[in-house]
Amino acid sequence: MSRIQSVFATLKQQGKTALIPYITAGDPHPKHTVNLLHTLVKHGADMIELGVPFSDPMADGPIIQRASERALAHKVGLTAVLAMVKEFRQTNQTTPIILMGYANPIEAIGAIAFADRAKAADVDGVITVDYPPEECGEFVKELRARDIDPVFLLSPTTEPKRIDLIVNQASGFVYYVSLKGVTGAANLDIVEVANRVASIRQQTSLPIGVGFGIRDAATAKATAAIADAVVVGSRMVQVIEASTDENLLSNVAKLMDELKTAVDAA
Amino acid sequence: MQLYDMPDARGHFGQFGGTFVAETLVEALEELRVMYEKYRHDPEFLAEYAYDLKHFVGRPSPIYHAKRLSDKVGGAQIYLKREDLNHTGAHKINNTIGQALLAKRMGKPRVIAETGAGQHGVATATVAARLGLECVVYMGSEDVKRQAPNVFRMKLLGATVVPVESGSKTLKDALNEAMRDWVTNVHNTFYIIGTVAGPHPYPMMVRDFQAVIGIEAKEQMMEMVGRQPDAIVACVGGGSNAMGIFYPYIDVPNVRLIGVEAAGLGMETGQHAAPLTANSPVGVLHGNRTYLMQDADGNIIETHSISAGLDYPGVGPEHAWLKDIKRAEYVAITDDEAMAAFHNLCRTEGIIPALESSHALAYAEKMARTMRKDEIILVNLSGRGDKDINTVAKLANITL
């Protein structure tokens, strides 16, 4: 059983929903990233999505684009991100780390080399935004051969037949993107999300994470009531962007505490 | 001989092309793929497209024997396919008419586009005005500054021009932003991509709409000289004008197809926009797999060309394929060489070429010198240079 699968199994026994914060590696500065990861865990992260900076983040709104630009200004690429995970693992062997990013940094080193290096860094899952299942069969095989979970996105426009195709390739969990649009956009229609999640459940026994549009305790709580995991990205990055070196960790801790309380109360 | 039949059903040209997009766009592309399949051979659709090309664009564009230029260069005869004479001044409108007619049939009242030099933006704004569609054009804020006259033209035509401030603030970032708009507004919006890049079916669809260039050229060459040219030369940024003239010739033996990329300040400086000539690695950007200028971490590197229309770090996937199967050759021309060819055509033939097309002209001149006088080079003169006079004046330290 992978680390992601066992975290979900444990939470299920406890009747709890996972809280998964997202941060971009290297934002606001590479010196903070490992400390941020530990802070997130200390304040309730069950797993962490770690963004790999990319020059052309087409599926992201302005908040996460700026995070990528800040990280790239310090030359944080895939190699540096894997080194950060390795460093984090020196003192944490339990919290799953899911890399989230775009295809080209993986293409640049090749699927096999990437899978080897991700395994060596003890990465648990990979979300590749612009690798739909039709285009990444080999990549998925290489990940699964190393017990790394390939996590796929489902969108409000994904047809049932396609959901089948996706859940057959995915492991760990599937990630329902609850809005049309880019990250950080507009408001969340919780009734609509609940209906979609219920129908996805009929097609898979994989845990379902929900993200895009969750920005406070109220939306986190409402989402936690229907999903197996709540992903908070743009809001987290916004707090990081608005912080100074001095109050960065405490601001992130404060947001995490709010979200954790809300998710646990659902 | 097996006839050329690309791409496959999922938009692959060998290892290139494909549909590398976020899940939120998959359904929209599927809808587009199905609708394009439905209409690409539909007689009524094709008749409407042909009518607009004839009466609105002014096609067929002529082929012109650049005799004085040929004599001056000394060597092969240089012929020009005059896409510069099209309405709006470039080949771009062949494609925007096709896609806008498709948008109309799909019931989408709003079209969006990305643009670099502004030619595709103007061509999109033009057809949107003609068909009564709302039009939003994304343009890197650097390009907005460099191409002020085209920005004003788009506004005159009723389009909204949105300056893009992210990344390098040029064409690739405009494309990213247009994609973001499309993901958000996919229910009522058609994205008119301007080149043979993007996810399937765009590279194929844009090629098909631009193929009118090569289809006409094949007939016109027979009429004019009774045979096909020995070589066809076209500039390549994303590669739509080149693909348009190459495609009908792929199965014609003994016609060399030569794509000319932008060598910028020189290939050795790294300041260029020539992924094929530079043997850049394969990568994924803007929905397709192709050769891509990038660093060791897979981040896209900034390109340089005097010509905004060639200033793109990738290239259409079909060009990557044609390079690999050795059906087309790819070379590069520097800013300085393109400028020399620009002035040469102005003075010898009375035609002001676009800076993009000047790259093709420069290579044709080089080639012609090595060829016999009875050999023929056909250059795709993809656009006129009116839009570039500010750039050219600035280089000569002249204030207009």
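Predicted model: local features only at pLDDT ≥ 70, side-chain atom pairs only at ≥ 80, totals over all residues.
**Stop 1: B:S240**

Keep B:S240 selected and colour helix α11 of chain B, residues 240-246, where B:S240 has its place. B:S240 has a relative accessible area of 3%, and since buried means under 20%, B:S240 is therefore buried. Now show the side chains of B:S240 and B:K92, which make a polar contact with each other at 3.5 Å.

**Stop 2: a pair of strands**

Next select residues 328-334 of chain B, which form strand β13. Six of the seven residues in this strand are buried, so β13 is mostly covered.

**Stop 3: two cis peptide bonds**

Go to B:M6 and B:P7, where the peptide bond from the one to the other is cis, with omega near 0°. B:P7 lies in the segment before β1 (12-13) of chain B.

Then move to B:H200 and B:P201. The peptide bond from B:H200 to B:P201 is also cis, with omega near 10°. Here B:P201 is found in the loop between β8 (189-191) and α9 (202-210) of chain B.

**Stop 4: two residues with positive phi**

Select B:T88, in the loop between β4 (77-82) and α4 (92-105) of chain B. Its phi is positive, about 75°, although B:T88 is not a glycine. Is B:T88 buried or exposed? With 10% relative accessibility, B:T88 counts as buried.

Now select B:N397, in the segment after α15 (389-395) of chain B. B:N397 is not a glycine either, and has a positive phi of about 60°. At 72% relative accessibility, B:N397 counts as exposed.

**Stop 5: where chain B meets chain A**

Finally, show both chains. On chain B, 34 residues are in contact with 38 residues of chain A. The two chains bury about 2,800 Å² between them, and 49% of this area is on carbon and sulfur atoms. Select B:E23, B:R180 and B:D297: they supply 24% of the area that chain B buries against chain A, more than any other three residues.

How many salt bridges are counted between chain B and chain A? The count is three. To view one of them, show the side chains of A:R162 and B:E23, which meet in a salt bridge at 2.8 Å, N to O.

To see which elements of chain B take part, colour β2 (16-20), α1 (23-39), α8 (171-185), β11 (282-285) and β12 (287-291); each supplies at least two residues of the side that touches chain A. Of the elements of chain B, α8(B) gives the most to this side, with eight residues. Last, colour the side of chain B that touches chain A by residue type: its residues divide into 11 nonpolar, 14 polar and nine charged.

How values were computed. Residues numbered from 1 in each chain as written. Chains lettered and ligands numbered in written order. Heavy atoms only, no water. Contact = heavy atoms within 4.5 Å. Buried area = accessible area lost by both parts, 1.4 Å probe. Salt bridge = Lys/Arg side-chain N within 4 Å of Asp/Glu carboxyl O. Helix = DSSP H or I, 4+ residues; strand = E, 2+ residues; numbered from the N terminus. Nonpolar A, V, L, I, M, F, W, Y, C, P; charged D, E, K, R; others polar. Buried < 20%, exposed > 50% of the residue type's maximum accessible area, 1.4 Å probe, protein only. Polar contact = N/O pair within 3.5 Å; in protein donor to acceptor, adjacent residues only side chain to side chain.
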